[in-house]
Amino acid sequence: MSAFIPAIGASLLAASLAFSSGSPVVAEANVDLQALIDATPSWGTLTLAPGTYRGRVVIDKPITIDGGGVAIVDGLGEGNTIEVTSGGVVLKRLEIRSTGDSLDRENAAVSATAAPGLTVEDCVFEDVLFGVFSRESPGTVVRRNVIGAKDLEVGRRGDALRLWESPGSLVEGNTVAGGRDSVIWFSDGTVVRDNRFTGGRYGLHFMYDHGVIVERNQLEGNSVGAYLMYSSDIEFRDNVVAGNHGPSGYGLGLKDVDGVTADGNRFVGNRVGIYLDNSPVGYDVHQYFSGNLVAFNQVGVLFTPSVQRNHFSGNAFVDNREQVGVSGTGTFTGNEWTIDGVGNHWDDFGGYDADGDGIGDIPYRLADLYSTLTDRHPEIVFFAETPAASAIALTARLFPALRPEPKVIDEAPLISMPEMEPPVAGMEAPHARGLISASLAMLAMSALLVTASRPARRLRP
């Protein structure tokens, strides 16, 4: 506790003189931070000298606290480190650390309520349950921070970032690692750009947001990259979404979402690149996906049955174990794979381009028996990329009676890959390993399918 010995009298005298002269307050280290905050006038600036300051402070007026990159605010493992209850507060160049660990009390490094215009920038967060938690604070700015987490199981961690009913906010240039989720709920018009989200459960989780822009972010190594729910008019562009491999493992998940435009993204090495569940919702709403790289995923795009009015053009589907899947049974029609005569690039397209216009002269048809079986029985994906899986696919090509209806018909497939950035360095296509015995079993199954497809011989009288 010696680091927090109060030496308030001289500091407050200096502060008083600084205020009277119109200069910003320059605090001495190791003094009572709450007293310095109380002594700072509204719209004043409190500049902290190098050192460690006791946290669990409350800011109830518009001030700026500048740590200069050398001041530490330590919550000593209890409660909120900094609590903000006023608009116009700016926190910058601070190291903020050691919150409490109570999830039900939502202990946060910066906990703000009714604090419009809150700005947190160029700060470092260490050993924190929640990072920045902003409630009912429109215009919140969270910029260029490094946000870590407590060393807990993922279900016991708090959210690195949570914006609740804070419309018009900006999340920009942050590095977020190891938190549970980054949550943006009921916050229309928020912009999330140039951030990196890694090692969490949901890299980004949106609910009930409208008119949001998500651009140039990296969402890597989470359970889910970005999941959007019950929202509308979302622009999702130029993001790298890679290596998200939780139980669902969606790169981008859309549930009950209307009006998404996804352009120029890289969905690489996820369990599922893009997942669509009842999206769009409205009968007159259409969604557009163009210029995206969908590569090295177990499933490139996965739909729930009956999803319609999604349009794909100018995308590249490369080395996905399954290019397009449908989860479960039901109808799958009403999605377009060619727009204005331009389709997508499919690396398994077996057609040709006789006239040299860059567009295949025959349609691309995705009608693979094995992938159809895995859609209905996900457990047999274990046998993917084995000789058995190839044999089942070949059987369907040889015997039309076994051939399923095409899931995808692209009338104008692109022969060459569209111009776009290369995939993320270090990401590799999945490969089958050590499944020879299992493959033989599946080969036997394919032989049974062939036998079953043959017409029964009639006995001569």
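Buried means under 20% relative accessible area, exposed means over 50%, and partly exposed lies in between, using a 1.4 Å probe and protein chains only. By that rule both faces of strand β17 are covered: Asp181, Val183 and Trp185 on one side and Ser182 and Ile184 on the other are all buried. This is a predicted model, in which local features need pLDDT of at least 70, side-chain atom pairs count only at pLDDT 80 or more, and totals for chains, interfaces and linings use all residues. Residues are numbered from 1 along each chain as its sequence is written, and side-chain values use heavy atoms, with hydrogens and water left out.

**Confidence**

- pLDDT is the predictor's confidence in each residue, from 0 to 100; its mean over the chain is 84, and 76% of the residues reach 70 or more.
- Over residues 1-23 pLDDT stays under 50, and the model has 32 contacts there beyond four places in sequence, a contact being heavy atoms within 4.5 Å.
- Residues 423-461 also have pLDDT under 50 throughout, with 40 contacts beyond four places in sequence.

**Overall make-up**

- The chain has five helices and 38 strands; helices (H or I, at least four residues) and strands (E, at least two) are DSSP runs, numbered from the N terminus.
- Of its 461 residues, 52% count as buried.
- Among contacts between residues at least 6 apart in sequence, 54% join residues at least 24 apart.

**Strand β17 and its partners**

- Five of the five residues of β17 are buried, so the strand is largely enclosed by the rest of the structure.
- Strand β14 (residues 161-164) runs parallel to β17 and is joined to it by four bridges; two strands pair if DSSP finds at least two bridges between them.
- Arg162 stands opposite Val183 in β17.
- β17 is also joined to β20 by four bridges, again in parallel, and Ile184 stands opposite Phe206 in β20.

**The cavity**

- A search of the whole structure finds one cavity of 30 Å³ or more, where a cavity is a set of points on a 1 Å grid over the protein atoms alone at which a 1.4 Å probe fits but cannot get out.
- The largest cavity has a volume of about 60 Å³; grid points are joined across faces, edges and corners, and a volume is the space filled by probe spheres set on the points.
- The elements giving two or more residues to its lining are β17 (181-185), β19 (196-198) and β20 (202-207).
- Among the lining residues are Asp181, Ser182, Phe197, Thr198, Tyr202 and Gly203; a lining residue has an atom within 4 Å of a point.
- The lining divides into four nonpolar, six polar and two charged residues; Ala, Val, Leu, Ile, Met, Phe, Trp, Tyr, Cys and Pro count as nonpolar, Asp, Glu, Lys and Arg as charged, and the others, Gly among them, as polar.

- Strand β30 (residues 287-290) has a covered face, made of Gln287 and Phe289, and an uncovered face, made of Tyr288 and Ser290.
- β30 pairs in the parallel sense with strand β27 (residues 258-263) over three bridges, and Thr261 has Tyr288 in β30 as its bridge partner.
- β30 also pairs in the parallel sense with strand β33 (residues 310-313), over four bridges; there the bridge partner of Gln287 is Asn310.
- Gly291 is found in the loop between β30 and β31 (293-295) and counts as partly exposed at 23% relative accessibility.
- Gly291 and Pro418 are 127 residues apart along the chain, with their C-alpha atoms separated by 7.4 Å.
- Not counting residues up to four places away in sequence, Gly291 touches residues including Gly264, Asn265, Ser313 and Met420.
- Pro280 is found in the loop between β29 and β30, and the peptide bond to it from Ser279 is cis, with omega near 5°.

**Other loop residues**

- Arg271 is found in the loop between β28 (266-268) and β29 (272-277), and is partly exposed with a relative accessible area of 23%.
- The C-alpha atoms of Arg271 and Gly246 are separated by 7.9 Å, and the two are 25 residues apart along the chain.
- Arg56, in the loop between β3 (51-54) and β4 (57-59), has a positive phi of about 60° although it is not a glycine.
- Glu106 lies in the loop between β7 (90-97) and β8 (108-113), and its phi is near 55°, a positive value in a residue other than glycine.

Conventions:
1 Å grid on protein atoms, 1.4 Å probe; cavity = no way out; pocket = protein on both sides within 12 Å on 5 of 7 lines; lining within 4 Å.
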